[in-house]
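Dear colleague,

Please find below the structure that I am handing over to you. My notes on what was found in it follow directly after.

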Amino acid sequence: MLFVGVMTGTSVDGLDLALLDLPTDLKPQAARTTPFPPSLRRRLVALSSAESDEIFRMGEAHIELGTFIGSTCLEFVRELGLAPSDIRAIGSHGQTIRHHPNADSPFSIQIGSGHVIAEQTGIDVVADFRARDIAAGGQGAPLVPNYHYELFTHEERVRVIVNIGGIANISILTPESASATGFDTGPGNALLDAWIQECRDKPFDLGGSWAMSGEIHEPLLERLLRDPYYEANPPKSTGKEHFNLTYLHDHIADFPNIAQADVQATLIELTTQSITSAIEREAAECVDVIVCGGGRQNDYLMTRLKEMNTKRAVVTCESLGIDGDAIESAAFAYLAWQFLERLPSNQPAVTGAVGLRVLGCLYPA
């Protein structure tokens, strides 16, 4: 059975799609990334910060994103020489606009209408993966460790899969374990992208070249690393509700003369140190660090990650023959298959839910 997985992450940089043949082969058969139309990206970015008339703006973006996902899925399928009838289901994560699993009434909101996607494509859609885990007392995130376990577990070696999107998360894979553990480590690209967008009007720091031109500001780094999130025990997850531009400005306010490039260099250090500290704390015996997500394309970030993990092999997914941009979208194709098979797809050890749960909601074609 062929499944299409669709993912848009906290970086809001585009729509990732992957084709999986399940349960035959867990590796993506094909993948593509499609940039958002500028008007849609502006809507999605705006929804990550509180402004007036949020409900109306959310409703419009919910439908517009669903329409874009549906049309892009059809293009992807047809480019592969397939018909909609060849696809068993689309697993769509949607765009997270709020993630508050620790609120008094916990919730996480992903938009991108499953109804619209099903209507446009004529394909069954599985979406809304996080809500059931949260209802069962979990964080609703991260959900990819289950797929990482099936795809990357080695029979002898302890591995850590590092996904660096807007937020970074790790999956810990041990040969003797029947499942993965994992959690969000903190900011990945979120602060880096927000800072260069504000200072240089660029969406990201290509290759980390701007960060390399600066120097690490140790007092700022020390202050950033004092955030209680890093010392909190898993299960835990976070998002841009916490790690955002306002948060960064609050921390640099006492350093009025700090150079902009030095802030960027310091943020690279924050991401790599928080990832490395999480590995040392929870998976010190690991020998392989496999990096996926957009952060792997930041050369300076990867260099610092390797320098901090000299006793480990730090490689990208491509070294294993897997497209590092396709992993998360492929995971949601896998979660869609699990839903149709009524198989639980959360890991209570990862999310903190009281038990295993079937995740997702079906939007029939």
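The second largest pocket has a lining of 21 residues, and those nearest its centre are Val45, Ser48, Ala194, Lys240 and Leu245. A pocket is an open set of points on a 1 Å grid over the protein atoms alone, with protein on both sides within 12 Å along at least five of seven lines, and lining residues have an atom within 4 Å of a point. Please note that this is a predicted model, in which local features need pLDDT of at least 70 and side-chain atom pairs count only at pLDDT 80 or more, while totals for chains, interfaces and linings use all residues. Residues are numbered from 1 along each chain as its sequence is written, and side-chain values use heavy atoms, with hydrogens and water left out.

The space in the second largest pocket is about 530 Å³, where a volume is the space filled by probe spheres set on the points, and grid points are joined across faces, edges and corners. Helix 1 (38-46), helix 6 and helix 9 (245-252) each give at least two residues to this lining, and helix 6 supplies the largest share, 6 residues. Helices (H or I, at least four residues) and strands (E, at least two) are DSSP runs, numbered from the N terminus. By class, the lining of the second largest pocket has 8 nonpolar, 7 polar and 6 charged residues. Here Ala, Val, Leu, Ile, Met, Phe, Trp, Tyr, Cys and Pro count as nonpolar, Asp, Glu, Lys and Arg as charged, and the others, Gly among them, as polar.

Helix 6 (residues 190-200) also meets helix 10 (residues 260-282): their axes come within 9 Å and cross at roughly 170°. Helix 6 is therefore roughly antiparallel to helix 10, a term for angles over 145 degrees. Axes are lines fitted to C-alpha atoms, for helices over the stretch in contact, and angles run from 0 to 180 degrees between N-to-C directions. Among the residues that meet are Leu191 and Trp195 in helix 6, and Val263 and Leu267 in helix 10; contact means heavy atoms within 4.5 Å. The residues of this contact comprise 9 nonpolar, 3 polar and no charged.

The search of the whole structure also found 1 cavity of 30 Å³ or more; in a cavity, a 1.4 Å probe fits but cannot get out. The volume of the largest cavity is about 40 Å³. Its lining includes Pro142, Asn146 and Thr351, and by class has 4 nonpolar, 5 polar and no charged residues.

Yours sincerely

Notes. Parallel < 35°, antiparallel > 145°, perpendicular 65-115°, else oblique.
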